[in-house]
Amino acid sequence: DWTMAAYKEEAIRLIREQVGDEQVICGLSGGVDSSVAAVLIHEAIGDQLTCVFVDHGLMRANEADEVVTLFRDHYNIPLIHADEADLFIDALEGQDDPEKKRKIIGRLFIEVFEKHAKSIGGAKFLAQGTLYPDVIESVSFSGGPSVTIKSHHNVGGLPERMDMKLVEPLRELFKDEVRALGRELGLPEAFVGRHPFPGPGLAIRCPGGITREKLDILRKADAVYLDQIRKHGLYDEIWQAFAVLLPVRTVGVMGDGRTYDFVCALRAVTSVDGMTADYYPFSHEFLGETASRIINEVRGINRVTYDITSKPPGTIEWE
Ligand code: XMP
């Protein structure tokens, strides 16, 4: 793709110009955006870049391992794997307000980055995979009054006291363009085609108070759901699919016993840029089979529902 090849060269030039010979750290989330940003910056400045993968304990099953393997082994990019699950989960435990969850996670991210920036001898720059829709969704919503729907923590700058400048080479791009750039940079197709995953991770897919137990149940249900989607060859038709664990228990019957367990909601949408979305029209067979698998394979869930809300009026995530 000639446009992306040209974009890449220009972006590399701008990154070199901006950072000179200073050190840069880049927060990796496991998603496409931060991965593409990291590989691009690595092409521009090589080992002046150190990546920090902050494992907040809110990842999907296997996510952490896949990211660490790709960056360390495939790309040889210096990577710090910061296992901070306890720090994040302890701070979030019992917290049920969506925006407070985001604020707590955003603050802890910065704390962890600061710590590692110091440890590599004072990085002057922090790189992020912020996209154009992140920038505009944070300030306005489809022509309406200027309100914040969700405060994505990777938008809006850094705390005053933080002595780092931002490098955001994807700030003008939409998701499909980031994927094209990722291909241009030679990222594996399986990585480039990944569904988006929000920075706050499973915390915003667990409405109500967060507990370690609920996160475990959610992680398992989500893995079964995605396994179903892959087995049926639907992954690439869907923009984003995930499970949400609802904070209600309902009565069920299993064998000859009564159960009283959580409800899981499944979400899948099609979209071009995440700004608007339609729910994905799964067949009833697919939904029925997936519900049985989740209920049989995941202890703690005895009822599954499918979310048929489009965006607007719903948002893609539940929080
Ligand atoms: P919504 O739920 O606002 O989501 O329709 C639109 C896209 O943004 C992702 N999203 C987030 N990403 N931090 C992120 O990095 C966040 O706080 C956040 N909230 C939503 C969401 O997964 C979807 O792709």
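**Group meeting: a walk through the model**

Let me begin with two helices, α9, covering residues 212-231, and α10, covering residues 284-297, which pack at an angle of about 145° with their axes 10 Å apart. Please keep in mind throughout that what we have on the screen is a predicted model. Where α9 passes α10, the crossing is right-handed. On the α9 side, the contact is made by Ala221, Val224, Tyr225 and Gln228, and these meet Glu289, Thr290, Arg293, Ile294 and Glu297 in α10. Sorted by class, the residues of this contact are four nonpolar, two polar and three charged.

While we are on α10, I would like to point out His284, which lies in that helix. Is His284 buried or exposed? It counts as exposed, because it has 8 C-beta neighbours inside 10 Å, and the cut-off for exposed is 12 or fewer. If you are looking for a sense of distance, the C-alpha atom of His284 is separated by 36 Å from that of Leu173, and the two residues are 111 apart along the chain.

Let me turn to the sheet. Five strands form an open sheet in the order β3-β2-β1-β4-β5, and their pairing is parallel. At the edges are β3, residues 79-83, and β5, residues 165-167, each of which pairs on one side only. On average, and ignoring direction, neighbouring strands of this sheet are turned by 30° against each other.

Within that sheet, β2, residues 49-55, is mostly covered, with seven of its seven residues buried. Leu49, Cys51, Phe53 and Asp55 point one way from the strand, whereas Thr50, Val52 and Val54 point the other way, and all of them are buried.

The hairpin of β6 and β7 has two residues between the strands, and in it Gly255 takes a positive phi near 60°.

Going back to helices, α7, residues 175-184, is mostly covered, and seven of its ten residues are buried. Which residues of α7 are buried? They are Lys175, Val178, Arg179, Ala180, Leu181, Gly182 and Glu184, and the buried residues of this helix pack against α1 (2-19), α2 (32-45) and α8 (189-192). Just after α7, Gly186 takes a positive phi of about 80°.

I will finish with the ligand, which is surrounded by 15 residues, the closest being Pro198, Gly199, Thr315, Ile316 and Glu317. Taken by class, the shell around the ligand consists of five nonpolar, six polar and four charged residues.

Note on methods:
Residues are numbered from 1 along each chain as its sequence is written. This is a predicted model: local features need pLDDT of at least 70, side-chain atom pairs count only at pLDDT 80 or more; totals for chains, interfaces and linings use all residues. Axes are lines fitted to C-alpha atoms, for helices over the stretch in contact, and angles run from 0 to 180 degrees between N-to-C directions. Helices (H or I, at least four residues) and strands (E, at least two) are DSSP runs, numbered from the N terminus. A crossing is left-handed if the near helix is turned anticlockwise from the far one by less than a right angle, and right-handed if clockwise. Two residues are in contact if their C-beta atoms, placed from the backbone, lie within 7 Å. Ala, Val, Leu, Ile, Met, Phe, Trp, Tyr, Cys and Pro count as nonpolar, Asp, Glu, Lys and Arg as charged, and the others, Gly among them, as polar. A residue is near a molecule or strand if its C-beta atom, placed from the backbone, lies within 6 Å of it. A residue is buried if 20 or more other C-beta atoms lie within 10 Å of its own, exposed if 12 or fewer, and partly exposed in between; C-beta atoms are placed from the backbone. Two strands pair if DSSP finds at least two bridges between them.
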